[in-house]
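Trainee: Could we go through this chain together, starting with the overall picture and ending with single residues?
Mentor: Gladly; ask away.

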Amino acid sequence: MQKIFTFTGAKKIAFGVGSFDNLPDYLGELKAKHPLVVIDPALAASGLNERIRDLLGRSGLKMTLFDKVEPEPPIELADAGAKMALKAKCDAVIGIGGGSAMDVAKAIAVIAANKGKAVDYLGLGKVPGPGLPKIMVPTTAGTGSEVTFTSVFIRKNLQKKEGMNSPYLYPEFAVLDPSLTLSLPPEPTATTGLDALCHAIESYTSINASPMSEMISLEAIVLIAENLRTCVHEGKNLEARSQMLLGSLYAGLGLANAGVTAVHSLSYPLGGRYGVPHGLANTLLLPHVMAYNLPGALEKFADIAEAMGEVTEGLSVRDAAELAVEAVENLIEDCGVYDTLEDLEIPEDDFEELAKIAMTVARPLENNPRKVTLEDAVDIYRTAY
């Protein structure tokens, strides 16, 4: 018998080339006239800052700029942005960029409205009430943060990553304009795209997957497998970029509803202790965790192999499932990602400590289709070395 499931996400999604130009209309729907725009310095310097200011100005709207976002953002940024939003009396928050910018923006919105501190809201369900209205605009096809209820931060003093998880973090609007991804260089195109694939595969194999999330996650795998190589090697191909962004969106919806699995638990310590970018950390671990998880979800991994274009007809379920791991390894290689933990100078002596930290990232491990022990986690790090 089918178990009861729910399905949630951003309140409204606008997708398509040119959708970004309708930003003033979306703000109007939210009755907002003065947003805080959260963006990283490089993206702001690229001219996007002026484009937003011009767009809003033509509609009689003003904005305040917060351009302090860093990759793998420290939690202090959220408090600094909230302070700026309150001082400027902003009535909405726009996050534009990759996952870091959107995570910071979502956190700023709830901190400013609830007058708390970022650390107070870490964990699940700690945000006491709604935030300022939020519009998220991804410029990468990767994190899916525009449709999730999570913001992830580095706590430098503890050398760890922690997440803020609350339904109040869901954006009121997700605006996905594929043209904004055209200028993304090959390397971040690859690692963010593979991050999206990780979300799709993990959410599809999660024990909390539902028929609705499975449908969306599997379609995400199809779109990413068919288009990521083109986006990496032919970055101006707008059709491929559009399909890839759609795949990333679907993966984000799958992640928000089914959750991720052991890849994320194991990747968090790499970011927290060594600053390894989230997408790269997930990419390095994904095929190794898949290989470990095979016995727990053979049929689903066989589905993944087929979704990635592998010929599975006539094969046993086990052989078909193994093709999923091979397909992911081939995609990673074709996208030019060759790093190992050894290449990143992660010392083998640290694996046990990394594994101990990974075991504290409990929710993804609870979703995993195969139980992971401390010894298993150490072994997975060794295979990724």
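The questions below move from the whole chain to particular sites.

Trainee: What should I know about the model before we start?
Mentor: This is a predicted model, where local features need pLDDT of at least 70 and side-chain atom pairs count only at pLDDT 80 or more, while totals for chains, interfaces and linings use all residues. Residues are numbered from 1 along each chain as its sequence is written, and side-chain values use heavy atoms, with hydrogens and water left out.

Trainee: How many helices and strands are there in the chain?
Mentor: Both are DSSP runs numbered from the N terminus, a helix being H or I over at least four residues and a strand being E over at least two. By that count the chain has 14 helices and nine strands.

Trainee: What is the radius of gyration of the chain, and why does it agree with a compact globule?
Mentor: The radius is taken over C-alpha atoms, and the globule rule is 2.2 Å times the number of residues to the power 0.38. For 385 residues a compact globule would come out near 21 Å, which agrees with the chain's own value of 20 Å.

Trainee: Which percentage of the residues count as buried?
Mentor: Buried means under 20% relative accessible area, exposed means over 50%, and partly exposed lies in between, with a 1.4 Å probe and protein chains only. Of the 385 residues, the buried share is 59%.

Trainee: What part of the contacts with a separation of 6 or more joins residues 24 or more positions apart?
Mentor: A contact here means heavy atoms within 4.5 Å. Among contacts with a separation of 6 or more, the share from residues 24 or more positions apart is 77%.

Trainee: How many disulfides does the structure hold?
Mentor: A disulfide is a pair of cysteine sulfur atoms within 2.5 Å. For C231, the nearest cysteine sulfur belongs to C335 and is 9.1 Å away, and C231 is in no disulfide. C335 is in none either, its nearest cysteine sulfur being that of C231. The number of disulfides in the structure is zero.

Trainee: Are C231 and C335 buried or exposed?
Mentor: C231 has a relative accessibility of 2%. C335 has a relative accessible area of 6%. Under the cut-off already given, C231 counts as buried, and C335 is also buried.

Trainee: Which helices do the buried residues of α10 pack against?
Mentor: Helix α10 covers residues 298-307, and its buried residues are K300, F301, A302, I304, A305 and A307. After α10 comes G309, with a positive phi near 95°. The buried residues of α10 pack against α5 (186-205), α6 (211-233), α9 (278-293) and α11 (317-334).

Trainee: Where is N49, and which residues is N49 in contact with?
Mentor: N49 is found in helix α2, residues 41-57. At 11% relative accessibility, N49 counts as buried. Leaving aside neighbours within four places in sequence, N49 is in contact with L43, A44, M63 and L65.

Trainee: Which value does phi of K31 take, and is K31 buried or exposed?
Mentor: Most residues other than glycine have a negative phi. K31 sits in the loop between α1 (23-29) and β2 (35-38), and its phi is positive, near 60°. With a relative accessible area of 73%, K31 is exposed.

Trainee: And E72, what is its phi, and is E72 buried or exposed?
Mentor: E72 lies in the loop between β3 (64-66) and α3 (76-87). Its phi is also positive, near 50°. At a relative accessible area of 17%, E72 is buried.

Trainee: Which residues is P128 in contact with?
Mentor: P128 lies in the loop between β5 (123-124) and β6 (134-138), and P128 is exposed, with a relative accessible area of 54%. The C-alpha atoms of P128 and N114 are 7.1 Å apart, although 14 residues separate them along the chain. Leaving aside neighbours within four places in sequence, the contacts of P128 are N114, Y121 and Y168.

Trainee: How many residues apart in sequence are L180 and F20, and what is L180 in contact with?
Mentor: L180 is in the loop between β9 (173-176) and α5, and L180 is buried, with a relative accessible area of 10%. L180 and F20 are 160 residues apart in sequence and 8.4 Å apart in space, C-alpha to C-alpha. Leaving aside neighbours within four places in sequence, L180 is in contact with F20, L48, R51, V137, P138 and T139.
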